[in-house]
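Work through the exercises below with the sequence and the model open side by side. Each task is followed by a solution in steps.

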Amino acid sequence: MKKINFIIIFFLFPSLSIFAQIPNNDFENWTNMGSYFNPDNWDTFNDTSSLAGVFTCTKGTPGTSGSTYIKLTTLSIPFVTTVPGIAVCGTINISTLSAGSGFPFTGRPQAITGDWQYMPSGSDGGFIAVILTKWNSALMSTDTIATLYEALQGSVTSWAAMNLPLKYQSNLNPDTAVIILAASGATGTVLTANSYLYVDNLSFTGNVSGISNTPDLFSFTTYPNPVKDLAHFTIESNDPAFLQINDLTGRIVYSSAMQPENGIIIFDASFLKAGHYSVLISDEKTQRKSEIIKIE
């Protein structure tokens with residue numbers, strides 16, 4: 001049986017009250033697709049998996065606030081694959097199993113809050129991720145303003161409050177946000193059927209006016225370069241980081257939370273088209289920028 005590993009990849013495009021700018025934040029609005037419902041402004045695998053009668057996103061009732069909440073469950077299509085229970089505030093690129101475009105957003109929230117229940121199956125692990133970005137017209141690339149990657153641990157079998165802080169890397173205001181809710185697929189885990197994540201009443205709260213220190217910008221070593229398949233980025237740090245790859249037009253073609261090993265991040269570049277790309281690796285203290293050349 002094929003296992004799908006969901007990777008956080010963002011294809012982003014260039015304010016409201018800080019409490020009101022997550023579209024359909026309380027999951028009260030759903031579109032009837034005939035045999036199933038989709039949450040408005042959130043994308044899931046329902047439209048694809050429905051061909052096999054499998055629905056990884058369903059409407060739960062009653063909500064902790066209002067009448068409904070979102071239920072995400074990782075499910076198996078027998079002899080074919082395991083489909084992760086994932087919802088993205090924006091779109092999902094089904095062909096690459098990736099998070100797609102986000103939504104316009106200009107706030108600098110301190111945290112994302114809400115209500116949740118979570119139960120992993122086997123050694124599976126879910127996650128919640130947020131990335132705030134801003135288009136940099138001078139560099140023709142997207143700057144990372146703040147990130148959140150929370151791997152879910154243990155079980156929460158009744159409604160509980162969550163309060164997850166964002167980590168800021170810039171004093172600038174963002175223009176785009178992406179939110180990912182995932183019952184499966186955390187870094188280092190294997191998708192397992194019947195893992196579930198229920199969420200309701202999401203909000204961005206608080207306000208961060210600035211950060212004490214903007215991360216320094218360093219270069220780093222990349223080998224081999226040009227690269228055909230695997231690229232090794234030597235960053236001399238084992239701190240969790242975000243890896244971002246931009247093409248020459250500034251479009252983000254890959255962005256993911258990464259865990260270096262022995263100061264090295266290994267990136268599978270085989271899916272990239274031949275050409276030049278900029279590479280940005282960010283953590284709480286440092287931003288590192290380099291370039292790679294992809295060959296066929």
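## Exercise 1: an aromatic pair and its cluster

Phe271 has a relative accessibility of 45% and counts as partly exposed. The model is a predicted one.

Task: Find which aromatic pair Tyr254 and Phe271 form, stacked, tilted or edge-to-face, and where the two residues lie.

Solution. 

1. The ring centres of Tyr254 and Phe271 are 6.0 Å apart, with 40 degrees between the planes. Stacked pairs have planes under 30 degrees apart and edge-to-face pairs over 60, so the pair is tilted.
2. Tyr254 belongs to strand E24 (residues 252-258). Phe271 sits in the loop between strand E25 (264-268) and strand E26 (275-282), and the two residues are 17 apart, which makes this a link between distant parts of the chain.
3. Tyr254 is buried at 7% relative accessible area, whereas Phe271 is partly exposed at 45%.
4. Both residues belong to a cluster linked by ring pairs, together with Phe220, Phe233 and Phe267.

## Exercise 2: a pair across the sequence

Task: How many aromatic pairs are there, and which parts of the chain does the pair of Tyr69 and Trp159 tie together?

Solution. 

1. The count of aromatic pairs is 13.
2. Tyr69 and Trp159 form an edge-to-face pair, with 4.9 Å between centres and planes at 90 degrees.
3. The pair ties together parts that are 90 residues apart in sequence, because Tyr69 is in strand E6 (residues 69-73) and Trp159 in strand E16 (residues 156-165).
4. Tyr69 is buried, at 9% relative accessible area; Trp159 is partly exposed, at 31%.
5. For a ring with a charge over its face, turn to Phe37: Lys59 lies over this face, at 4.0 Å from the ring centre.

## Exercise 3: an open sheet

Solution. 

1. Pairing in this sheet is antiparallel, in the order E21-E22-E25.
2. Strand E21 (221-223) and E25 each pair on one side only, and these are the edge strands.
3. Neighbouring strands of the sheet are turned by 20 degrees against each other on average, ignoring direction.
4. Strand E22 (residues 230-234) pairs with E25 over 5 bridges in the antiparallel sense.

## Exercise 4: the surroundings of E26

Task: Which strands are joined to E26, and why is E26 called largely enclosed?

Solution. 

1. Strand E23 (residues 241-246) runs antiparallel to E26, joined by 5 bridges. Asn246 stands opposite Ser278 in E26.
2. Strand E27 (residues 286-294) also runs antiparallel to E26, joined by 8 bridges. Here Val279 stands opposite Ser290 in E27.
3. Of the 8 residues of E26, 6 are buried, so this strand is largely enclosed by the rest of the structure.
4. Lys289, which is in strand E27, is partly exposed at 30% relative accessible area.

## Exercise 5: backbone exceptions

Task: Where are the residues Pro62 and Pro226 placed, and is Asn24 buried or exposed?

Solution. 

1. The Thr61 to Pro62 peptide bond is cis, with omega near -15 degrees. Pro62 is in the loop between strand E5 (57-60) and E6.
2. Asn225 and Pro226 are also joined by a cis peptide bond, with omega about 15 degrees. Pro226 is in the loop between E21 and E22.
3. Asn24 is not a glycine, yet has a positive phi of about 50 degrees. Asn24 lies in the loop between strand E1 (2-3) and strand E2 (30-32) and is buried, at 8% relative accessibility.
4. Asn262 also has a positive phi, about 55 degrees. Asn262 is in the loop between E24 and E25 and counts as exposed, at 75% relative accessibility.

Terms used:
Residues numbered from 1 in each chain as written. Predicted model: local features only at pLDDT ≥ 70, side-chain atom pairs only at ≥ 80, totals over all residues. Heavy atoms only, no water. Phe/Tyr/Trp six-rings, centres within 6.5 Å; stacked < 30°, edge-to-face > 60°. Helix = DSSP H or I, 4+ residues; strand = E, 2+ residues; numbered from the N terminus. Buried < 20%, exposed > 50% of the residue type's maximum accessible area, 1.4 Å probe, protein only. Lys NZ or Arg CZ within 6 Å of the ring centre and 35° of its normal. Pairing = 2+ DSSP bridges. Axes fitted to C-alpha atoms, helices over the stretch in contact; angles between N-to-C directions.
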